[in-house]
Amino acid sequence: MDKIFIKDLLVRGIIGIRDWERDVEQDILINVTVYTDTLRAAESDDIIDCVDYSALATKVQTHAKTAKRLTVEALANDLAKICLEVPLVKKAVVRVEKPGAVRFAKSVGVEVERKRDE
């Protein structure tokens, strides 16, 4: 299976369980890898046969900005579901991080892997 990735998509949104986190937008760092078969796209050289990573990035970014989730786990699962709504995507790996959330750590977060039900 082939991979298409969106690396280090930085979004500002509401995420967290503390009172102040419900009022102040924070940086959310998102990495997405979707699995698909690119052979048809390579042969046709037509966007119709491709996973449109620009459109996918926009959907991911919009959701992360507006979802106001309490946990990175919930947001990561939301984003994986969005990825799997793209017909050509068979599997999605989504990593959501909160940079600077823990003192002395560059970032903390979660990575989920979800497959399309067949």
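In this predicted model, the side chains of Asp27 and Arg12 form a salt bridge with an N to O distance of 2.7 Å; a salt bridge is taken as a side-chain nitrogen of Lys or Arg within 4 Å of a carboxyl oxygen of Asp or Glu. The pair links distant parts of the chain, with Asp27 in strand S2 (residues 26-36) and Arg12 in strand S1 (residues 2-13), 15 residues apart. Helices (H or I, at least four residues) and strands (E, at least two) are DSSP runs, numbered from the N terminus. Asp27 has a relative accessibility of 30% and so counts as partly exposed. Arg12, at 41%, is likewise partly exposed. In these terms, buried means under 20% relative accessible area, exposed means over 50%, and partly exposed covers the values in between (1.4 Å probe, protein chains only).

Residues are numbered from 1 along each chain as its sequence is written. Because the model is predicted, local features need pLDDT of at least 70 and side-chain atom pairs count only at pLDDT 80 or more, while totals for chains, interfaces and linings use all residues; side-chain values use heavy atoms, with hydrogens and water left out.

By the distance rule above, the count of salt bridges comes to eight. Glu113 and Lys91 form one of them, their closest N and O atoms lying 3.3 Å apart. This pair also links distant parts of the chain, as Glu113 belongs to strand S4 (residues 107-115) and Lys91 to strand S3 (residues 91-99), 22 residues apart. Glu113 is partly exposed, with a relative accessible area of 44%. A further salt bridge joins Arg95 to Glu111, with the closest N and O atoms 3.4 Å apart. Arg95 lies in strand S3 and Glu111 in strand S4, so this pair ties together parts that are 16 residues apart in sequence. Both residues are partly exposed: Arg95 has a relative accessible area of 37%, and Glu111 has a relative accessibility of 48%.

The secondary structure of the protein comes to three helices and four strands. From the N terminus on, the elements run β-β-α-α-α-β-β. Along the principal axes, the C-alpha atoms fill a box of roughly 50 × 25 × 20 Å. Of the 118 residues in the protein, 40% are buried. Among contacts between residues at least 6 apart in sequence, 57% join residues at least 24 apart, where contact means heavy atoms within 4.5 Å.

Helix H2 (residues 53-66) and helix H3 (residues 72-84) have axes that come within 10 Å and cross at roughly 150°. The axes are lines fitted to C-alpha atoms, for helices over the stretch in contact, and the angles run from 0 to 180 degrees between N-to-C directions. H2 and H3 are therefore roughly antiparallel to each other, given that angles under 35 degrees count as roughly parallel, over 145 as roughly antiparallel, 65 to 115 as roughly perpendicular and the rest as oblique. On the H2 side, Leu56, Lys59, Val60, His63 and Ala64 meet Leu75, Asp78, Leu79, Ile82 and Cys83 of H3. The residues of this contact divide into seven nonpolar, one polar and two charged. For this division, Ala, Val, Leu, Ile, Met, Phe, Trp, Tyr, Cys and Pro count as nonpolar, Asp, Glu, Lys and Arg as charged, and the others, Gly among them, as polar.

The loop between S3 and S4 contains Gly100, which counts as exposed at 57% relative accessibility. Gly100 and Asp27 are 73 residues apart in sequence, and their C-alpha atoms are 8.9 Å apart in space. Not counting residues up to four places away in sequence, Gly100 touches Ala105, Lys106 and Ser107.

Backbone angles provide a further point. Most residues other than glycine have a negative phi. Phe104, although not a glycine, has a positive phi of about 75°. Phe104 lies in the loop between S3 and S4 and is exposed, at 78% relative accessibility. Asp8 also has a positive phi, near 55°. Asp8 is placed in strand S1 and counts as partly exposed at 43% relative accessibility.
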